[in-house]
Amino acid sequence: YNLATALRQGALQPLMTWIFSLPLALCFPAESIMMHSQLNALYQFWIHTELCGRLGPLEYIFNTPSHHRLHHRPPGNCNYAGVLIIWDRLFGTHTTERDRLDYYGLARPSSTFDPVDLNLQHW
């Protein structure tokens, strides 16, 4: 669990993400959409640190390293938020970290190292 994990993205991600940005292009300039994408990636970068503990009242609104550790701890299935944890609270997928246990992984470990299979395993 280190900051480099925040930068890994699927090989197919560039082929898919434009679909979600397309409706935004109807209302916002391309520069704004690209800026948002970069700021979102930067935010995702910092929540992959182990240096932060709890962040007090910010934890009610923003996704923090404390929330994100639970997302990466098996079985996962919680705290999907990118920036605002309020969405997880609203949809019932929020879990609060009670005890800090620094172990991470997949709910069901992959049985291959084949990059094609790894990129397509969720489909």
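1. Helices here are DSSP runs of H or I, at least four residues long, numbered from the N terminus. The model is predicted: local features need pLDDT of at least 70, side-chain atom pairs count only at pLDDT 80 or more, and totals for chains, interfaces and linings use all residues. Residues are numbered from 1 along each chain, and side-chain values use heavy atoms, without hydrogens or water.

2. Start with the nonpolar surface patch. Its members are L15, M16, W18, I19, F20, L22, V116, L120 and W123, and its area is about 1,000 Å². Patch residues have over 30% relative accessible area and no salt bridge, and nonpolar side chains are joined within 5 Å. A salt bridge puts a side-chain nitrogen of Lys or Arg within 4 Å of a carboxyl oxygen of Asp or Glu. Areas come from the Shrake-Rupley method with a 1.4 Å probe.

3. Which helix gives the patch its largest share? Helix α1 does, with five residues. Both α1 and α5 (115–120) supply at least two.

4. Look at F20 in α1. F20 is exposed, at 65% relative accessible area. Exposed means over 50%, buried under 20%, and partly exposed in between.

5. Now take α2, residues 30–46. Its 17 residues reach 25 Å from first C-alpha to last, close to the 24 Å expected at 1.5 Å a residue. That expected span is 1.5 Å times one less than the number of residues.

6. Helix α2 buries I33, Y43 and Q44. Seen down the axis, these buried residues fall within an arc of 100°, so they line one face of α2. The arc uses directions from the helix axis to the C-beta atoms. They pack against α1 (13–21). On the face turned away from the buried side, E31, M34, Q38 and L42 are exposed.

Technical notes: Buried < 20%, exposed > 50% of the residue type's maximum accessible area, 1.4 Å probe, protein only. Contact = heavy atoms within 4.5 Å. Patch = residues over 30% accessible without salt bridge, like charges linked within 9 Å, V, L, I, M, F, W, Y side chains within 5 Å.
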